[in-house]
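This briefing is intended for a reader who is meeting the structure for the first time. Please keep the sequence and the model at hand while reading.

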Amino acid sequence: MIEVIGITKAFATDCSDVLAVDNVNFAVKSGEFVLILGRSGSGKSTLLGMLSGLTRPTTGTIRINGTDISNLSDDTISELRAKEIGFVFQFSGLIPTITALENVMLPTLFCPDGPGSRTRAVDLLRKVGMSERADAYPCTLSSGEMKRVAIARALINAPSLLIADEPTGDLDVDTEIEIMELFRDLNREGTTIVMVTHNPDLVQYVTRTYRMTRGKMVMSDESLSSRKRAVEPGANVND
Amino acid sequence: MTKPDLHFFELVLRNIANRPYRNIATIFAIAIIAATLFSAQYLIGGAQESLDAGISRMGADILVVPEEYNKQAETIILMGEPTTFFFKDSGFEQISRIPGVAKASPQIYVGTLSGQACCSAPVQIIAIDPSHDFTVSAWLKENPGVTLGKNDIIVGSQILGDIGSDLLFYGHTFHIVGRLDRTGMGIDCSVFSRIEDAYVMADESGIKAVQKLTIPKGRVSAVLVKVDPAASPVAVASEIRRQIPGTKTITPNGLLNAVSGQLGAVTRLLYGSMLAVTAIAIPLLGFISAMVAHERRREVAILRALGATKSYVIWLMLAESFSIAVLGGLIGIGTAVVILMGFQDFISLSLKIPLIVPSPMTLLVDGCSTLFLCIAIGGISSLYPAMLINRSEPYETIRKGES
């Protein structure tokens, strides 16, 4: 599904050059729910940006379903993103000028040959428990509702990979549980998910956990028995 | 698969509607540019077509007038301001004999007065000799049911009075038998009668009118000349001036130059205003576009994350600008058309130019070129911000928006 081979990402800042991601290697198999834990500034979001093709690695190779996305043209990678990758951001990322249903349908504009349709959008809203608010504009939705709509939007083109960047970062505990259970259900239905977070409590929902520190993937804890809380022996991710 | 019913243009319209005040201001600025440009084109086209129609109606290549009444003659032709003048001597027969002259038709110009005791209205009477005329006779050929008999008149489009009704000039009653099409020129405010009726009118005026009218026998006000197809109107006009001293010749080109001179100042003002508005509008609209683009960085980044290509984002932003430009252009053109048509006579009198509503084709071409300019302004002002917004790294923008 995903192969990451020796990728690095360097940024030049006013003060100095920063190596945000430093020689990271890992793989995600189809159907996995992978969590990447790390503190702010650890490089986990930069890694997600590169996995999605929105940020190009300085060095290294990223393969998605066998395709090396590191050197693809912008148009090709945009097409791949529209077809194969669903995105859920920390904030909802909904477009304020269109309704919840239209937001869900938005990615169909970029993937006209995909399975996305109004019917599928309605079904997805029902699936995430938002069918009653289909015609609501984002400004009238709660954070949890917006997140549900964003998840439905991420699934509209039936992507093989769902990328979630701190999807529960701005939610209360109850809503966080609801959203994580939704992700877990989606994973059980076959969607591959890669999620980054700083919250170690979320490892209970995933099949594999990685941890990033200062740009390096320092360890991984493979949860062979899925849905079991993954505990890193002697490690505290909030350090 | 059901076809998705969220479309590109729906997204464009929603984005425009989301910033109503700023977009209304932009539309207003573009409407001013469009109205100014369209007005300039309308006036030039309207004057040109008016001249063409008027000259075509006259059917003459050269108008020979007394040298000292050259300006008045031009005013009669262009604006129809009532004037009375005559040659000191009749050169009509001499003009007919000049090489290159195919036809010559004498005309007598009499300006009527206002007041119930004299005339129904102040108009220009153009008295013709039916045996030599080719102005009214051409119209009569197009309208076979009409004849210009004793005391009959054919009136210009602006003359009040129905066909079949009577008009009083210098106490003499004339009967309206026909009405000419609108030309926008002096003919619209003129009435055509026979020369012998004009003489009778003058003879009776001492008794019937407050002011006596004198038309010297054997003297005419102007001679219309049709030139042989093989001859040059310029050469024939020159020969007429040489052989008959004290005459001035007016040609369609000369009239056009006179009108162009009058139009020139107006069009320079209009084009100058348009250039000034455009020069201010492009950077202003560019600044507004840049502001909007800056505000929408995260929205654009999200679209990119969802699979939009860079070109899609540029087209989206350009389509918004084009839509605003087209809307502003249409409002400007529509407003200009309403004002120009509603106040056409006032504009014609104020600017002292002949004016008719240009043909639908001219209006279409003027409208399209105006819209094109508006679209170009919209495109130029938003292209750079649209390209600039695409240069930023989407994921960085999204992350910055979260913090």
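The points below are grouped by topic.

The model described here is predicted. Chain B is divided into domain 1 (8–51 + 258–402) and domain 2 (62–250). Chain B also touches chain A, with 26 residues of chain B in contact with 32 residues of chain A.

**The sheet of chain B**

- Nine strands of chain B form an open sheet with mixed pairing, in the order β5-β6-β4-β7-β3-β2-β8-β1-β9.
- At the edges of this sheet are β5 (166–169) and β9 (247–250) of chain B, each of which pairs on one side only.
- From one strand to the next, the twist averages 35 degrees.
- Strand β4 (residues 152–155) of chain B runs parallel to strand β6 (residues 172–179) of chain B, and four bridges join the two.
- B:Asp152 has B:His175 in β6(B) as its bridge partner.

**The two domains of chain B**

- The C-alpha centres of domain 1 and domain 2 of chain B lie 48 Å apart.
- Ten residues from domain 1 of chain B and seven residues from domain 2 of chain B take part in the contact.
- On the side of domain 1 of chain B that touches domain 2 of chain B, the elements giving two or more residues are α2 (20–58) and α8 (252–295) of chain B.
- α2(B) gives the most to that side of domain 1, with three residues.
- The residues on that side of domain 1 comprise six nonpolar, three polar and one charged.

- The side of chain B that touches chain A receives at least two residues from each of α1 (8–17), α9 (297–305), α10 (310–342) and α13 (394–402) of chain B.
- α13(B) supplies the largest share of this side, six residues.
- By residue class, the side of chain B that touches chain A has twelve nonpolar, six polar and eight charged residues.

**A helix pair in chain A**

- Helix α5 (residues 143–155) and helix α6 (residues 173–188) of chain A pack with their axes 10 Å apart, at an angle of about 10 degrees.
- Angles under 35 degrees count as roughly parallel, and α5(A) and α6(A) are therefore roughly parallel to each other.
- In this contact, A:Ser143, A:Gly144, A:Lys147 and A:Ile151 of α5(A) meet A:Thr175, A:Glu178, A:Ile179 and A:Leu182 of α6(A).
- Three nonpolar, three polar and two charged residues make up the contact of α5(A) with α6(A).

Technical notes:
Residues are numbered from 1 along each chain as its sequence is written. Chains are lettered from A and ligands numbered from 1 in the order in which they are written. This is a predicted model: local features need pLDDT of at least 70, side-chain atom pairs count only at pLDDT 80 or more; totals for chains, interfaces and linings use all residues. Two strands pair if DSSP finds at least two bridges between them. Axes are lines fitted to C-alpha atoms, for helices over the stretch in contact, and angles run from 0 to 180 degrees between N-to-C directions. Angles under 35 degrees count as roughly parallel, over 145 as roughly antiparallel, 65 to 115 as roughly perpendicular and the rest as oblique. Two residues are in contact if their C-beta atoms, placed from the backbone, lie within 7 Å. Ala, Val, Leu, Ile, Met, Phe, Trp, Tyr, Cys and Pro count as nonpolar, Asp, Glu, Lys and Arg as charged, and the others, Gly among them, as polar. Domain bounds come from an automatic or database domain assignment.
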